[in-house]
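Colleague: Please take a close look at a single part of this structure and describe how that part sits in the rest.

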Amino acid sequence: MVLKLNVPTISGPNSVEDIKRTIKTTEPDAKVEVDVEAKTVTVESGASEETIKQLISATGHQIA
């Protein structure tokens, strides 16, 4: 499943690394792309949408 989420609180490279690291801790095979300018996170994974949202929220970011 490919999931694209709008995450307006992404602000730079630290945000990117935090999000990627947190998702990959639970979903090591996930493909994670973060676009800082568009403020989006795209995740290709077998995990549910709710799981991915919870992982991103755990990094302190908000999902729009």
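**Helix H1 in its chain**

Among contacts (heavy atoms within 4.5 Å) in the protein chain between residues at least 6 apart in sequence, 65% join residues at least 24 apart. This is a predicted model, in which local features need pLDDT of at least 70 and side-chain atom pairs count only at pLDDT 80 or more, while totals for chains, interfaces and linings use all residues. Residues are numbered from 1 along each chain as its sequence is written, and side-chain values use heavy atoms, with hydrogens and water left out.

The protein chain has two helices and three strands (DSSP runs, numbered from the N terminus: helices are H or I of at least four residues, strands E of at least two). Their order from the N terminus is β-α-β-β-α.

Ser 15, Val 16, Ile 19 and Ile 23 are the buried residues of H1 (buried means under 20% relative accessible area, exposed over 50%, partly exposed in between, with a 1.4 Å probe and protein chains only). Seen down the axis of H1, these fall within an arc of 100°, so they line one face of the helix (the arc is that of the directions from the helix axis to the C-beta atoms). An α-helix has 3.6 residues a turn, so residues three or four places apart point the same way.

The buried residues of H1 pack against strand E2 (31-35), strand E3 (40-44) and helix H2 (49-58). On the face of H1 turned away from its buried side are the exposed residues Pro 13, Asn 14 and Thr 25.
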